[in-house]
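Please read the numbered points with the sequence and the model at hand.

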Amino acid sequence: MENKELVKKLTSLLGEERVLINEPMSGHTSFKIGGPADILAIPDNTAQLGEMVKYFASSGTPYMIMGNGTNLLVSDRGIRGVVVKIFDNLQNFTVQDEFLEFEAGILIARAAKIALANSLSGLEFAEGIPGTMGGAVTMNAGAYTGEMSMVVQETEYMDREGNIKTVRGEQHCFSYRSSVIQRSKGIVIKTRLKLRKDDPEKIKAFMDDFNFKRKDKQPLEWPSAGSVFKRPAGHFVGKLIDDSGLRGFGIGGAQISDKHSGFIINRGNATCHDVLNLIKHIQNTVNQKFNIQLEPEIRIIGDL
């Protein structure tokens, strides 16, 4: 689909260089997989984002929002409609005492470093997490001893019609890898975190330790989308896959990592089809052996 009226509207709003036609999504995801999006639009600020979303809602234009593509598996056939990428912009932040406010496009790992620079503790777990703040809040991202629900105080987000809404505290309805924003398909604009003052050397020591563990245990040298599956209650995904005899097993260019079985890596020529087949094989094998149904944590999107 190339809707000339739609392209014209977006170009007038964003500028020609920020509206890409038939853009390969393999260049916008950490998995390095994915066919072309009909249109990739890159807004410069919240006002442009709001105008686009309102236009999409009124015209019935299909669209999706992405950050920096670290948790996405995109179809080989690509994505119909418009992909709105907010990572390249919406990266402003403010610091006031123990409060940090971040726009959605800033990397969560950068936010952790900003907290460190201001002697603020509570975001150490985010060191090395590759996604954006918007995605982290939406899915209640976490690692090791922490998750976003522990520090998020208030979030401003946009609903599917372009209206700005705010949730505070328990209104986020955080649960494991989920929030009310995710369930309503909202778009995070900015979020306010409450941290606590602490010794910067102590904060850095925790961050260094988390970073070491991540580099030591995760296949960061290969393209992937991070942990493929949500953690079932009382179990570890990597161990379930290991105990199913699947460590290192591959289909096509997709392979279960030898380093961490909770990751699927792209060995260089993997297709979405390869990864989906491997996911299904893992789910079936683990279910047959342990009667546990693994649920994907990565977002699987596009014209499947």
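Is phenylalanine 93 buried, partly exposed or exposed?

1. Phenylalanine 93 is partly exposed, because its relative accessibility is 34%; buried means under 20% relative accessible area, exposed over 50%, and partly exposed in between, with a 1.4 Å probe and protein chains only.

2. On the source: this is a predicted model, in which local features need pLDDT of at least 70 and side-chain atom pairs count only at pLDDT 80 or more, while totals for chains, interfaces and linings use all residues. Residues are numbered from 1 along each chain as its sequence is written, and side-chain values use heavy atoms, with hydrogens and water left out.

3. The structure holds 5 aromatic pairs (rings of Phe, Tyr and Trp, the last by its six-membered ring, with centres within 6.5 Å; planes under 30 degrees apart count as stacked, over 60 as edge-to-face and the rest as tilted). Phenylalanine 93 and phenylalanine 102 make a tilted pair, 6.1 Å centre to centre with 35° between the planes. Phenylalanine 102 is buried, because its relative accessibility is 0%. Tyr55, Phe56 and Tyr63 form one aromatic cluster.

4. Helix α2 covers residues 46-59 and has 14 residues (helices are DSSP runs of H or I of at least four residues, strands runs of E of at least two, numbered from the N terminus). From first C-alpha to last, α2 reaches 20 Å, close to the 20 Å expected at 1.5 Å a residue, where the expected span is 1.5 Å times one less than the number of residues. Its buried residues are Gln48, Leu49, Gly50, Met52, Val53, Tyr55 and Phe56. They pack against several elements, including α1 (4-14), β2 (36-41) and β13 (187-194). After α2 comes glycine 60, with a positive phi near 70°.

5. Asparagine 140 is located in the loop between α4 (133-138) and β9 (142-143). Asparagine 140 counts as buried because its relative accessible area is 0%. Leaving out residues up to four places away in sequence, its contacts (heavy atoms within 4.5 Å) include Glu147, Met148 and Phe174.

6. Isoleucine 181 belongs to helix α5 (residues 180-183). Isoleucine 181 is buried, because its relative accessibility is 0%. Although 26 residues separate isoleucine 181 from threonine 155 in sequence, their C-alpha atoms are 9.3 Å apart in space. Beyond four places in sequence, the residues in contact with isoleucine 181 include Thr155, Val167 and His172.
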